[in-house]
Amino acid sequence: MKIEWARYIENGNIEEVYYQQLDDTLYKSQYIGHLYCITDGCEAEMKFTERKDGLKFFSTMNGQGTKHLNICPNYVNYEGETPRRKLNGVPVDSSVSDDWILQTLLNKSRDLKNKNKPRPKINKPGSTKKIVDGGEGTVVVPVPGGAEGSGQSAGNVRFGSINSDFITKEFLGDRKRVVGIAKHALFVDNEDSEYGYIQLQNDALQVNAYFPPAFYADTRVTTKPALISFIELINREINKGREILILCFGLLEADIRGNGININILNYKHILANENQYYKIITSGNISDNPYPA
């Protein structure tokens, strides 16, 4: 897979870099030694290559492959001397609560506000041993159908985050926290279907925070008129030229046409807009300014 984006980190400053922005001279003069994987939580160092035929790309530095999270599309499994077992997920009846999901979104929001003050890295004791394929094992993972909406706690369940700009069809079937600038919002209500969506920034395909009828199926939690009000308020502020940053959580699925991606939002606690929660926006009729640094 061609790696097109990397994260540039130096002296507390963080910048997302597209591979076409660089050439060999610029890379060696400024960016070398400061590029890291774009996936949230990865610490793998990246390098830039420009070949004689003009082809450009990012790749993982030698020996850095195992620093990618195992959910990262850039994860590399090296061969060597110490066996590593491939872990196959074994579904179990486990789930995480809506309150836990909300807390992870609030934590992510806090990190975004402090992105120019990254958390200090903890250097864990390492090993000089190399790694080889040691066969297969198993690890317990939550069953997809039960990953949301119960009263149970999260335990050690972790979900990765991604900027909507970097979502591709390779992420279909994943549950993720998604960060993206809202471009348009609409509630569709006709004879064939009814749903709401907020389109997020992505230059390659349409990515939506998607609200199916299941979102308001339990009227004790929220209602269809409440969702319509929320979406109309979002779109009103977009049309005023305000920047609305959406933080949401859901399963990534292909849209009905098959050429876009929906992030299925199943509960009002699974979405923030400029750090504002769903009912705060509805009851106040307003959305605060974008609290995140550029």
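Good morning. The model is predicted, so local features require pLDDT of at least 70 and side-chain atom pairs count only at pLDDT 80 or more, while totals for chains, interfaces and linings use all residues. Residues are numbered from 1 along each chain as its sequence is written, and side-chain values use heavy atoms, with hydrogens and water left out.

Let me stay with the strands. Helices (H or I, at least four residues) and strands (E, at least two) are DSSP runs, numbered from the N terminus. Two strands are said to pair if DSSP finds at least two bridges between them. Strand β9, residues 175-189, pairs with β12 in the antiparallel sense over seven bridges. Three bridges, again in the antiparallel sense, pair β12 with strand β14, residues 271-273; here C248 has I271 of β14 as its bridge partner. Strand β13, residues 260-264, runs antiparallel to β12 and is joined to it by four bridges, with I263 in β13 as the bridge partner of L252. The hairpin of β12 and β13 has five residues between the strands, and in it G258 takes a positive phi near 85 degrees.

How much of β12 is buried? Eight of its ten residues are buried, so the strand is mostly covered, where buried means under 20% relative accessible area, exposed over 50%, and partly exposed in between, with a 1.4 Å probe and protein chains only.

I turn now to the charged side chains. A salt bridge is a side-chain nitrogen of Lys or Arg within 4 Å of a carboxyl oxygen of Asp or Glu, and the structure holds 13 of them. One of these joins K224 and E194, whose closest N and O atoms are 3.1 Å apart. The pair links distant parts of the chain, 30 residues apart: K224 belongs to helix α3, residues 224-239, and E194 to strand β10, residues 194-200. K224 counts as partly exposed at 22% relative accessibility, as does E194 at 24%.

A further salt bridge connects E237 with R236 at 2.8 Å, N to O. E237 is buried, with a relative accessible area of 1%, whereas R236 is partly exposed at 34%.

Finally, D289 and R242 meet in a salt bridge of 2.9 Å, N to O. D289 lies in the segment after α4 (278-284) and R242 in the loop between α3 and β12 (245-254), so the pair ties together parts 47 residues apart in sequence. D289 counts as exposed, at 59% relative accessibility. Through shared partners, salt bridges join R236, E237, K240, R242 and D289 into one network.
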